[in-house]
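Please look over the sequence and the structure shown below before reading on.

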Amino acid sequence: MTRPTFAHIDLDALRHNFNIVRQFAPQQKIMAMLKADAYGHGAEQAAITLNSLTDAIAVAFIDEAIALRNAGITKPITLMQGIFDQQEIELACEYQLDLVILHAEQARMLEAEPCSRALRIWLKFDSGMHRLGFSANEYAYWYQHLREHPNVAEVRLMTHFSCADEPDNPVTTEQEALFDRTTKALQGAVYSLANSAAIMAWPSTGRDWVRPGIMLYGVCPFADWRENHRDLQPVMTLKSVLISTRHLEAGEAVGYGGSWV
């Protein structure tokens, strides 16, 4: 026996949406966000579909990355949450993963013991979202400190926007300006700022790498999506079967507490 509800995943739509990202960011490298099982769409099949198209893939946790490596994914994979202990550093080495370093404790953990191979890292800057990342007064220190450490092959620079889905909100411009002021003296670095909303609405944030997430799956990040969806196609369609239909008189209440009339 099976339940009559299922999610249909359209991988052609996923490819189509990736090409939309490419139209917005023709010169940038693309890191496809496949965290949380590719936003519930199936990370393995999404990664296999995008493996020949994208420049890199990102997931949240190391078990997600290992599963993709075991599925044959060869593209660079970035751990957006970084590492939680020394064992995960060794697994990152073994599976050739890139790390996001979010705070000083992670940085010290990376420095603590010799690694079997030098790791490429993304150093997260808190430009105003205030969830994760280094503050402006410590960012340059850790950039210089880590890039000279033998466990580190390369340090790249990253931030994340809090209000990019509001095209008239000046916060994104302020965050971008703070990032630029803080990183101005860090010559030769590689930058990644733009999420889906920034890719679509804030072209100056494109820089070297963009990180599309929700738009890959056909969801417009803006409230006025009918004007801004730019031909995005939904990747998931939920289908089911009705258990019954009822005919009631106008004014009758339905369900617990009679809350719907």
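In this predicted model, eight strands close into a barrel whose order is β2-β3-β4-β5-β6-β7-β8-β9, and the pairing is parallel. The points below begin with the strands and then move on to a helix, the cores and the backbone.

**Barrel strands and a helix across them**
- Strand β9, which is made up of residues 209-210, pairs with β8 in the parallel sense, and two bridges join them.
- Within this pairing, Ala-194 has Val-210 of β9 as its bridge partner.
- Helix α6 (residues 104-112) lies across β5 (97-101), β6 and β7, and its direction makes an angle of about 135° with β5.

**Helix α8**
- Helix α8 has 13 residues (171-183), so at 1.5 Å a residue it should span 18 Å, and this agrees with the 18 Å between its end C-alpha atoms.
- Its buried residues are Thr-172, Gln-175, Glu-176, Phe-179, Thr-182 and Thr-183.
- Because these residues cover an arc of only 130° around the axis, they are on the same side of α8.
- Among the elements that cover the buried residues of α8 are β6 (119-125), α7 (136-147), β7 (152-159) and β8 (191-194).

**Nonpolar cores**
- The largest nonpolar core has 70 residues, and those with the most contacts inside it are Leu-34, Leu-99, Leu-110, Leu-123 and Leu-157.
- Helix α1 (residues 11-24) supplies the largest share of this core, namely five residues.
- A second, separate core has 11 residues, including Met-31, Ala-58, Met-80 and Val-190.
- When neighbours within four places in sequence are left aside, the residues in contact with Leu-157 include Trp-122, Leu-123, Tyr-139, Tyr-143, Phe-179 and Val-190.

- Ala-38, although it is not a glycine, has a positive phi of about 55°, and its place is in helix α2 (residues 35-40).
- Is Ala-38 buried or exposed? Its relative accessibility is 0%, which is under the 20% limit, so Ala-38 counts as buried.
- Gln-96, also a residue other than glycine, has a positive phi near 55°, and it is found in the loop between α5 (86-94) and β5.
- Gln-96 has a relative accessible area of 52%, which is over the 50% limit, so Gln-96 is exposed.

Notes:
Residues are numbered from 1 along each chain as its sequence is written. This is a predicted model: local features need pLDDT of at least 70, side-chain atom pairs count only at pLDDT 80 or more; totals for chains, interfaces and linings use all residues. Side-chain values use heavy atoms; hydrogens and water are left out. Helices (H or I, at least four residues) and strands (E, at least two) are DSSP runs, numbered from the N terminus. The expected span of a helix is 1.5 Å times one less than its number of residues. Buried means under 20% relative accessible area, exposed over 50%, partly exposed in between (1.4 Å probe, protein chains only). The arc is that of the directions from the helix axis to the C-beta atoms. Contact means heavy atoms within 4.5 Å. Two strands pair if DSSP finds at least two bridges between them. Axes are lines fitted to C-alpha atoms, for helices over the stretch in contact, and angles run from 0 to 180 degrees between N-to-C directions. A nonpolar core is a set of buried Ala, Val, Leu, Ile, Met, Phe, Trp, Tyr and Cys residues joined through side-chain atoms within 4.5 Å.
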